[in-house]
Amino acid sequence: MMETLTHWHFRRIEECSTLLQWLDPRPGERVLDIGCGDGYYDARIAARGAHVVGVDIHEKRLAKAQRKHQSERTDYHFMDAEELGFERDSFDKVISFCVIEHFRNEDRVLEHVSRVLRPGGRLFLSADSLSNPEVTDAERDAHRRRYAVNNFYTVDHLREKLRRAGLELERYHYILTTPITLALARLSWKLDDLPPFLMPLHGIGYAVLGTVGKVISDFAEDHARRPDSGLTLLAEARRR
């Protein structure tokens with residue numbers, strides 16, 4: 001239930017819709033999804049005619065993906081992205097929704113991505129940034145513990161990591177950039193810290209943030225978006 005709600009969380013909606021728009025899957029393309037989770041977005045990509053291969057190390061989520069979204073255009077593998085077992089030049093595109101920050105060795109993941117991408121192939125990813133000037137070090141530390149995050153990314157940090165892996169950053173976009181949006185995010189963090197017996201309140205809070213909160217967040221971003229910092233960084237890179 002919680003994972004289904006996160007698809008409609010105001011923190012995720014712009015992130016995922018923007019990456020899917022950038023991905024622009026085409027019939028016949030092979031797309032690798034790193035950290036595919038329950039396969040929700042793979043089904044949307046496959047509906048556009050692409051063949052999607054999802055990898056994850058969470059067995060329960062992977063089982064749900066296989067149960068709900070397995071089709072002639074989707075395949076799922078229990079696989080650590082730090083040890084991708086696919087052949088060189090085997091994918092047209094790679095996508096990853098807010099997963100890279102959880103790896104202990106993201107440089108190795110990016111090296112594998114570069115290897116499995118065909119020349120000119122593209123990587124689309126999102127990553128936790130928390131670069132808003134109002135975010136405190138204490139909040140970043142709490143975020144690391146709460147969501148098992150190892151690294152935060154600015155565009156300069158990510159660009160250098162991509163370059164070393166043989167990938168060239170082509171465009172980027174910060175989202176959730178304003179103080180108002182940060183206030184809503186802080187509320188969501190409090191919801192995520194609720195004890196299990198208050199899970200119904202957690203669900204109600206997510207529903208409110210996905211509706212009213214999303215409207216407020218969109219209004220703030222439309223009128224005062226910052227170009228140089230945000231809670232999440234989106235990026236598109238090309239294999240050289």
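Tutor: Gladly! Keep in mind that this is a predicted model. Rolling a probe the size of a water molecule over the atoms shows where empty space is left. Here the largest pocket holds about 1300 Å³ of space.

Student: Which residues lie nearest the centre of the largest pocket?

Tutor: Those are Arg-12, Arg-61, Cys-98, His-102 and Tyr-147, out of 44 residues in the lining. Among the elements that give two or more residues to this lining are helix 2 (10-23), strand 1 (30-34) and helix 9 (199-224).

Student: Now the sheet. In what order do the strands stand?

Tutor: Strands of a sheet pair through backbone hydrogen bonds, either parallel or antiparallel. In this open sheet, seven strands follow the order 3-2-1-4-5-7-6, with mixed pairing. On average, neighbouring strands are turned by 15° against each other, direction ignored.

Student: How many bridges join strand 2 and strand 3?

Tutor: Five, and strand 2 (residues 51-56) pairs with strand 3 in the parallel sense. Find Val-55, and you will see His-77 of strand 3 opposite.

Student: And in helix 4, which residues are buried?

Tutor: An α-helix has 3.6 residues a turn, so residues three or four places apart point the same way. In helix 4 (residues 59-69), the buried ones are Leu-62, Lys-64, Ala-65 and His-69. They sit on the same side of helix 4 because they cover an arc of only 155° around the axis. Glu-59, Lys-60 and Arg-67, on the other side, are exposed.

How values were computed. Residues numbered from 1 in each chain as written. Predicted model: local features only at pLDDT ≥ 70, side-chain atom pairs only at ≥ 80, totals over all residues. Heavy atoms only, no water. Buried < 20%, exposed > 50% of the residue type's maximum accessible area, 1.4 Å probe, protein only. Helix = DSSP H or I, 4+ residues; strand = E, 2+ residues; numbered from the N terminus. Arc of directions from axis to C-beta. Pairing = 2+ DSSP bridges. Axes fitted to C-alpha atoms, helices over the stretch in contact; angles between N-to-C directions. 1 Å grid on protein atoms, 1.4 Å probe; cavity = no way out; pocket = protein on both sides within 12 Å on 5 of 7 lines; lining within 4 Å. Points joined across faces, edges and corners; volume = space filled by probe spheres on them.
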